[in-house]
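Have a look at the model below, then work through each task before reading its solution.

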Amino acid sequence: MTPLVLFAVILLSVALLLILGVLFFSLLKYIQKRYYPHWKFPDYVSVGYAEYLYHKFIKKDLPK
């Protein structure tokens, strides 16, 4: 395989990956607008809550 063909294959695969990514996230956006129009996804998780979940599910050192 010549370097030009290899470059073309790599470029085509990156382009296809980007196109598939756009299609996938467009589908997710469509599903959200169609079925969950008022659902608010949190932009962040508070540090305290993240630490609580870490200790509860990962380390499992919280008393029950």
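## Surface and fold

The chain exposes about 6600 Å², with carbon and sulfur atoms supplying 73% of that area (Shrake-Rupley method, 1.4 Å probe; for residues, only the protein chains shown count as cover). This is a predicted model, in which local features need pLDDT of at least 70 and side-chain atom pairs count only at pLDDT 80 or more, while totals for chains, interfaces and linings use all residues. Residues are numbered from 1 along each chain as its sequence is written, and side-chain values use heavy atoms, leaving out hydrogens and water.

**Exercise 1.** Describe the secondary structure and burial of the chain.

*Solution.* Start with the secondary structure: the chain has two helices and zero strands (DSSP runs numbered from the N terminus; helices are H or I, at least four residues, and strands are E, at least two). Next, burial: buried residues make up 0% of the 64 residues (buried is under 20% relative accessible area, exposed over 50%, partly exposed in between; 1.4 Å probe, protein chains only).

**Exercise 2.** Find the aromatic pairs and classify each one.

*Solution.* The structure holds two aromatic pairs (ring centres of Phe, Tyr or Trp, the last by its six-membered ring, within 6.5 Å; planes under 30 degrees apart are stacked, over 60 edge-to-face, the rest tilted). Take Phe 24 and Phe 25: their ring centres are 5.2 Å apart and their planes meet at 70°, so this pair is edge-to-face. Phe 24 is partly exposed at 46% relative accessible area, whereas Phe 25 counts as exposed at 55%. Now take Tyr 49 and Tyr 52: with 6.2 Å centre to centre and 25° between the planes, they are stacked. These two tyrosines lie three residues apart in helix H2 (residues 47-59), which means about one helical turn separates them. Tyr 49 is partly exposed at 46%, and Tyr 52 is partly exposed at 38%.

**Exercise 3.** Where is Ile 10, and is Ile 10 buried or partly exposed?

*Solution.* Then check its accessibility: a relative accessible area of 47% makes Ile 10 partly exposed.
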